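Thanks for coming. I will go through one structure today, chain by chain, and keep it short.

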Amino acid sequence: MTKRIEEALRPGKKRKSPGEKVFSAIVAVFLICSCLLVIYPIYYMFICSISDGYAVTRGEVWLYPKGINLKAYQIALTYQSVMRSFRNSLQYTVVGTAIATILTALCAYPLSRKDMYGRGVFTFIITFTMFFDSGLVANYMVVSSLHLKNTIWAMVLPGAISVWYMIIMRTGFQSIPDALHESAYLDGANDLVIFWKIILPLSKATMATIVLFYAVGLWNAYIPGLLYMDDSTKYPLQLLLRNIVMSSSAAGNSATSVAADTAALGKNIKYAVIFITTLPILVVYPFAQKYFVKGAMVGSVKG
Amino acid sequence: MKMKKVTKWLAVAVSATMLAGTLTGCGGSSDPAQSDAPSGEAQESDQGGENETEKAEEAESGTPAEGSDQEPITVTFMRSNSAAQPTAEDNKVVQLIEQKFNIHLELQLIPDADFSTKKSVALASADLPDIIMGVNIDELRQYAPTGEFLNLYDYQDKVGDYLGIVQADDRAAATKTYEIDGGMYGFQRLEYNRIDLAPLVALRMDRLEETGLGTPATWDELYEVMLAIKEKYPDQYVFSTRNKTTYMFGQLAYAMGSGGFPCFSGSGMYYEPREEKWLYGPTQDSFKTVITFLANAYKDGLLDPDYATMDKDTLHEKLSNGSLSMVVDNNSFIGRVYNPALAQVDENARFDIIAPLESKENGTRRALRYERDWTEFTCVNADTKYPERIMELLNWMYTEEGRMVTNFGEEGVDYTVEADGTIKTNPDLIAEHQNDADVFSGIQGALGVGLLSLGEYIDEALYAEVSDPIFIEQGKVIRGWTEEGLIDYNPAVPFFNTEEQEEVTELQQALSNVFNAEIESYINGQKSLDDWGSLVETLKGQGTERLEELFNTAYQRALQ
């Protein structure tokens with residue numbers, strides 16, 4: 001008995017009971033399975049992309065590559081449009097994220113201040129747009145009539161402020177004590193200075209999260225590219241990728257001539273293109289994902 | 001203090017930028033030529049007087065314009081872009097058209113997967129390019145009456161070559177069905193020389209030999225062959241499909257003497273040549289043969305139980321690794337997919353098509369192939385500034401010269417014509433694209449020619465040069481069977497007026513809901529075929545007779 005009490009009180013290693021050990025093992029197995037579920041599709045894509053096309057067609061490639069060759073990559077890299085779209089997406093993401101973050105912060109800050117005149121009305125009007133969208137055609141007509149089509153602005157302006165992210169940011173700003181504002185006012189600072197020198201530096205985690213949310217959203221967006229870009233040299237990557245991925249399903253199914261039937265993209269080439277274009281994100285993501293964890297906590301604790 | 005100054009300057013700068021932006025915006029919208037017209041218009045200087053004179057001269061002569069004589073213009077041209085055959089933006093066809101017509105085609109190449117969305121938004125908002133290729137029959141019928149497209153009959157002197165083709169005896173009846181309120185609002189994509197293709201029964205011939213049975217001539221004999229194959233390969237199923245259940249019915253029903261869901265159609269309606277009228281397939285007595293065949297095949301382990309969820313990739317995988325021995329699908333997959341993949345693991349393994357089978361029960365021997373031409377159209381924006389020059393250009397694509405350019409590129413450079421009339425593609429061009437995913441698609445995309453690029457009057461002769469000879473042989477066989485009357489072309493659905501169309505859509509949706517909810521249980525044996533009559537009655541109760549009446553009324557109207 002005394003020994004058990006001593007063990008329990010001893011700092012550091014604590015002996016696990018058999019029940020805890022079983023529980024830990026189940027958790028470990030569950031997590032490993034979850035990881036495999038995520039990793040396997042990427043691995044499968046990779047081994048298919050370096051395998052012989054016919055072996056892939058026969059469904060023989062599932063654990064390791066067969067008939068290893070890089071022909072699919074040679075072909076995929078000759079697609080001029082892939083690299084061009086990659087550059088476009090990068091540009092839209094960088095510019096769009098900068099604009100969206102600035103505008104969202106500028107909208108969120110006044111709404112976070114309790115003393116702002118008409119705060120409730122503004123919040124209602126802004127939140128209203130979250131639930132009632134004008135629809136695809138109306139949005140298209142607005143963008144078209146503003147002559148934004150075929151410009152980068154069509155990609156970054158229509159979705160510049162996400163109300164949901166704005167609310168997250170506003171909640172983050174609200175968590176900063178009012179006393180800080182008051183003391184800054186007493187020291188002669190105006191709203192812009194308080195925003196720039198006090199609120200933003202204290203909201204780095206919130207800002208980083210919103211930046212990531214916007215960046216991921218813009219990187220994955222293909223609808224604005226489809227609707228607002230007529231010039232294929234300005235297409236974002238996702239539009240191109242989607243076309244490649246979908247080529248073997250709906251569109252490819254309705255072939256009614258040899259010409260259309262023949263123009264089917266090999267599975268290995270398709271996967272090579274997807275892998276090339278996804279690789280940079282796969283590399284960057286592990287370093288950025290910690291902010292997502294923080295972002296999930298923004299505004300979750302009150303008081 | 002310093003901060004205050006910075007803020008002031010910032011405020012001034014922002015205000016100035018906003019003012020400049022507003023003024024620029026106002027400037028843009030105040031010029032109607034730039035704001036409302038299709039994008040091509042903005043690129044031309046204001047020379048309306050000269051242009052009109054030229055148009056008058058052209059109209060008088062009635063001949064296609066030569067580019068050197070005419071003012072250069074830019075015309076926007078939207079079409080879908082296949083992932084497997086990406087069309088180059090500045091391709092050979094675009095260059096040759098610019099040389100000949102002084103028209104620069106500014107291509108809007110919309111990804112194939114989302115083309116219908118883009119097209120729908122453009123049509124619904126009436127924000128169209130000068131030319132839009134790939135308008136389907138339903139869109140044509142919906143939007144032509146709204147005045148979005150030019151009527152070709154208003155430009156008869158410019159489109160004589162096209163009208164000559166579509167109003168010739170062999171196409172006149174079909175063309176009539178595409179007229180809307182007496183007008184013709186699009187250039188149809190037409191077949192000039194296509195390698196014949198049809199969804200037919202394809203069998204593993206090596207396994208047929210193993211069974212010791214002869215090539216089946218009837219559906220019953222085919223069933224016997226499948227049973228014999230199953231006996232030799234008890235762990236395997238024998239056949240499946242790639243696009244869910246209604247597609248499977250589409251491939252089998254007509255060939256078995258019944259009909260419904262023809263060629264990717266989701267509707268049970270089909271044209272029955274024996275009765276010369278449109279019928280709803282599943283309620284016909286003849287359909288019992290089809291459902292019985294499938295139910296037996298399921299029970300005997302011939303039909304892959306995954307048939308209802310199988311996609312194209314999975315089906316091709318099973319056919320290419322020897323898991324399945326029979327398929328009813330486009331013959332083109334045999335030489336391109338199944339046989340090369342099978343040959344790597346078994347040099348004797350090969351699929352081949354067999355002649356249309358006889359249905360003893362229904363007294364037929366027939367198969368169905370896709371429409372001769374495509375039911376998609378190239379339409380001209382009614383607001384375009386250059387209606388006549390565009391009509392001339394599109395008409396030219398149906399002339400001998402235009403057809404050659406839009407299917408093969410530049411003569412002497414990309415191809416030559418042999419003494420016997422055979423088209424010979426430049427060997428350097430073939431070598432250049434040897435390492436592409438597909439040689440044929442690579443050449444066509446780079447030149448901007450053919451069905452998936454800018455071709456309107458399709459000639460697939462190039463394919464004969466670069467493809468497996470089995471295609472060409474099969475194509476000739478299919479042509480022969482078509483001429484013998486064993487294979488029929490799938491006719492176009494008749495044109496309905498607005499009220500009829502609404503009723504047809506409603507009835508088809510209701511029938512589709514009932515049919516799709518019930519049909520699997522008859523195939524997989526959950527419901528007995530003795531109860532088939534109750535489904536037929538339910539379908540009739542949903543208005544099949546009214547649907548047939550609507551189709552036949554519209555069909556008769558088109559014939560008149």
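What share of the 303 residues in chain A is buried? The answer is 32%. Please keep in mind that this is a predicted model.

Staying with chain A, the secondary structure is 17 helices and zero strands. As for its contacts, take those between residues at least 6 apart in sequence: 72% of them join residues at least 24 apart.

Now chain B. The chain is divided into two parts: domain 1 covers 69-193 plus 372-459, and domain 2 covers 199-369 plus 492-559. Between the C-alpha centres of these two domains of chain B the distance is 34 Å. Five residues of domain 1 of chain B and four residues of domain 2 of chain B make the contact. On the domain 1 side, helix H8 of chain B, residues 169-177, gives the largest share, with three residues. Sorted by class, that side of domain 1 of chain B has one nonpolar, two polar and two charged residues.

Next, a sheet in chain B. Three strands form an open, antiparallel sheet, in the order S9-S6-S10. Strand S9 of chain B, 326-330, and strand S10 of chain B, 351-353, are at the edges; each has a single partner strand, so one side of each has no neighbour in the sheet. On average, neighbouring strands here are turned by 35° against each other, ignoring direction.

How many bridges join S6 to S9 in chain B? Five, with S6 being residues 199-204 and the two strands running antiparallel. One pairing you can look up on the screen is Ala202(B), whose bridge partner in S9(B) is Val327(B).

Last, two backbone angles. As a reminder, most residues other than glycine have a negative phi. Asn102(B) has a positive one, near 60°. Asn102(B) sits in the loop between helix H4, 92-101, and strand S2, 103-111, of chain B. Asp181(B), also not a glycine, has a positive phi of about 50°. Its place is the loop between H8 and strand S4, 187-188, of chain B.

Why does Asn102(B) count as partly exposed? Because Asn102(B) has 17 C-beta neighbours inside 10 Å, and partly exposed lies between the cut-offs of 12 or fewer for exposed and 20 or more for buried. Asp181(B) has 11 such neighbours inside 10 Å, so Asp181(B) counts as exposed.

That is what I have for today.

Key. Residues are numbered from 1 along each chain as its sequence is written. Chains are lettered from A and ligands numbered from 1 in the order in which they are written. This is a predicted model: local features need pLDDT of at least 70, side-chain atom pairs count only at pLDDT 80 or more; totals for chains, interfaces and linings use all residues. Two strands pair if DSSP finds at least two bridges between them. Helices (H or I, at least four residues) and strands (E, at least two) are DSSP runs, numbered from the N terminus. Axes are lines fitted to C-alpha atoms, for helices over the stretch in contact, and angles run from 0 to 180 degrees between N-to-C directions. Two residues are in contact if their C-beta atoms, placed from the backbone, lie within 7 Å. Domain bounds come from an automatic or database domain assignment. Ala, Val, Leu, Ile, Met, Phe, Trp, Tyr, Cys and Pro count as nonpolar, Asp, Glu, Lys and Arg as charged, and the others, Gly among them, as polar.
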